[in-house]
Amino acid sequence: PANKPPSAALHWEETQLSSLIYTVNCVAFYPEKRCSHSCLNTDLKLGETTESSSMAGKPTLYYFDGRGKMESIRWLLAVAGVEFQEVHFKSREQYEKMLHDGALMFQQVPMVEMDGMKLVQSKAIMNYISAKYNLYGKDLKERVMIDMYAEGLRDLMEMFMRAPFQSPEEQQSTLKTIESKATDRYLPVYEKALASSDYLVGNQLSCADVHLFECILMLEEKFPSVLSNFPRLQAFQKRMRAVPAIHKFLQPGSQRKSPPDEAYVKNVKEVLRF
């Protein structure tokens, strides 16, 4: 856009496949900078997007039809008001074609094609989007604070990403750990950070706020009363829901993904062959 406006599932590709490490991760407040784009729900076939999306200037997201590491990227683009389209891996052949074509730098997804680049490594992708759309603070000190808050949230969200690929017993243990760490370690940090501001850093919306809201929603899906002792986070959630771009992304039919189910897990396993 001409004017710049101010992340459940496991992703195994962010590290070597053999390691099977789980890695499958405001415009509303600045209306004068709002991008004219809006999110489209487009599932394109492999090979249709490289040229067409580049011509249209729309980012193309290559991933599975589920949350994983791509969900936080979807959230950032949605909050920035950026129209994007998606290619969902449905078969091993699709994935192997991208490998053969050299489209994946480290033979990993997620991959985002935008601005003439094929971006990999989820943190690098999110940092690029955040910087481009004014969601990454105004200086280095703000950025390092944003990174610290964001990394804490990614630690928590990646625990959610493991659960669908675990046995029922392991899932129960993981969920207990998530609930304990969320209430004792992570949420108190963000509750304190919101004591004197509506935002985590710099008194303006940043990617850390977007990640926090996404993480809160994930927690509430499993633990509905998780915010009962965190009044500032409750107020924060209410404010974020009122942001038009976020409100739109929360509606049925948006590109926000549902929690991972058996079909998603099966798809990932078949494509990645583990």
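In which loop is Gln 107 found? In this predicted model, Gln 107 is placed in the loop between α3 and β4, where the residue adopts a positive phi of about 60° although it is not a glycine. With a relative accessibility of 54%, Gln 107 counts as exposed, because the threshold for that class is over 50%. The loop between α3 (92-101) and β4 (111-114) also holds Pro 110, and the peptide bond that leads from Val 109 to Pro 110 is cis, with omega near 15°. A positive phi, here of about 50°, is likewise found at Asp 115, which is not a glycine. Asp 115 belongs to the loop between β4 and β5 (117-120), and its relative accessible area of 41% makes the residue partly exposed.

The helix packing involves α7 in two of the contacts described here, one with α2 and one with α5. The axes of α2 and α7 come within 10 Å and cross at roughly 125°, an angle that makes α2 oblique to α7. The crossing in which α2 passes α7 is right-handed. On the α2 side, the residues in contact are Glu 71, Ser 72, Trp 75, Leu 76 and Val 79, and these meet Cys 207, Val 210, His 211, Phe 213, Glu 214 and Leu 217 of α7.

For α5 and α7, the axes come within 9 Å and cross at roughly 25°, so that α5 is roughly parallel to α7. The crossing of these two helices is left-handed. The contact is formed from α5 by Ile 146, Tyr 149, Ala 150, Leu 153, Arg 154, Leu 156, Met 157 and Phe 160, and from α7 by Cys 207, Ala 208, His 211, Leu 212, Glu 214, Cys 215, Met 218, Leu 219 and Lys 222.

Eight aromatic pairs are present in the structure. In one of them, the ring centres of Trp 75 and Phe 213 lie 5.7 Å apart with the planes at 80°, and the pair is therefore edge-to-face, since planes over 60 degrees apart fall into that class. Because Trp 75 lies in helix α2 (residues 70-79) and Phe 213 in helix α7 (residues 207-222), this pair ties together parts that are 138 residues apart in sequence.

Elsewhere, ring pairs link Tyr 63, Phe 64, Phe 89, Tyr 95 and Tyr 264 into a cluster.

With regard to the cysteines, the structure holds zero disulfides. Cys 207 counts as buried at 3% relative accessibility, and Cys 215 counts as buried at 1%.

Technical notes
Residues are numbered from 1 along each chain as its sequence is written. This is a predicted model: local features need pLDDT of at least 70, side-chain atom pairs count only at pLDDT 80 or more; totals for chains, interfaces and linings use all residues. Side-chain values use heavy atoms; hydrogens and water are left out. Rings of Phe, Tyr and Trp (its six-membered ring) pair if their centres lie within 6.5 Å; planes under 30 degrees apart count as stacked, over 60 as edge-to-face and the rest as tilted. Helices (H or I, at least four residues) and strands (E, at least two) are DSSP runs, numbered from the N terminus. A disulfide is a pair of cysteine sulfur atoms within 2.5 Å. Buried means under 20% relative accessible area, exposed over 50%, partly exposed in between (1.4 Å probe, protein chains only). Axes are lines fitted to C-alpha atoms, for helices over the stretch in contact, and angles run from 0 to 180 degrees between N-to-C directions. Angles under 35 degrees count as roughly parallel, over 145 as roughly antiparallel, 65 to 115 as roughly perpendicular and the rest as oblique. A crossing is left-handed if the near helix is turned anticlockwise from the far one by less than a right angle, and right-handed if clockwise. Contact means heavy atoms within 4.5 Å.
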